[in-house]
Amino acid sequence: MTRAHAHMHIHTHTHTCILMHSQIIKKRKGFVRMALQTGASLVPVMAFGETSLFQIKSPAPGSLVDRIQKLVKRLTGFAIPVLEGDGFWYGAKVLLLLPRCLPVTTIVGAPLHVSKWEGDVNNNPSFDSAVDKLHEEYCKALQQLWVEHKDKYAPRAPEGATGRAALTDGRVCFRRKSLDFVA
């Protein structure tokens, strides 16, 4: 799990389909830099249902667990979410470390072909501009995946329903927020 993913997991709610928070994706451009430096294609990928695999526990603000989570994040750059899944045996009430047996639908978009950057990458405004442009293109591709598949894999929750009660038609997540990270 990358730093961005760990940060997203502690801000994610079970049974909701949220890909990214706008503040997080806008800051994460290292993968775009690497793609330009190596000429590797970027492939937009979106998964629906992954937030239902574990129950994400939110520690009470100021509690010992909350303080430890914040300390670990400050020291290492990522936070360890408090998760609860399924046990190692049926009906287990302890060691709930395995993901729940639920479907996850992964949508893979068309690759964005990237030409290898031949010039200097350090303190180069042209390179930074190319990173920004490719990052925006990648975000738009993710947004397009969301628009095309949200109604099938992330329907809106029925009025007044919460948690597992909101899940219908075998779907394991509902829409909590749209994908609006591209300005």
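Residues are described here as buried when their relative accessible area is under 20%, as exposed when it is over 50%, and as partly exposed in between, with a 1.4 Å probe and protein chains only. The structure is a predicted model, in which local features need pLDDT of at least 70 and side-chain atom pairs count only at pLDDT 80 or more, whereas totals for chains, interfaces and linings use all residues. Residues are numbered from 1 along each chain as its sequence is written, and side-chain values use heavy atoms, with hydrogens and water left out.

Helices are DSSP runs of H or I of at least four residues, numbered from the N terminus. In helix 3, which spans residues 30-38, the buried residues are Val32, Ala35 and Leu36. Viewed down the helix axis, the buried residues of helix 3 fall within an arc of 95 degrees, taken from the directions from the axis to the C-beta atoms, so they line one face of the helix. Met34 and Thr38, on the other side of helix 3, are exposed. Helix 3 is followed by Gly39, which has a positive phi, near 80 degrees.

The cover over the buried residues of helix 3 includes helix 5 (125-153), where contact means heavy atoms within 4.5 Å. A nonpolar core is a set of buried Ala, Val, Leu, Ile, Met, Phe, Trp, Tyr and Cys residues joined through side-chain atoms within 4.5 Å. The largest such core has 12 residues, among them Val32, Leu36, Val114 and Leu134, and helix 5 gives the most to this core, with six residues. Leu134 touches Val32, Leu36, Leu42 and Val114, not counting residues up to four places away in sequence.

Note on methods
Helix = DSSP H or I, 4+ residues; strand = E, 2+ residues; numbered from the N terminus.
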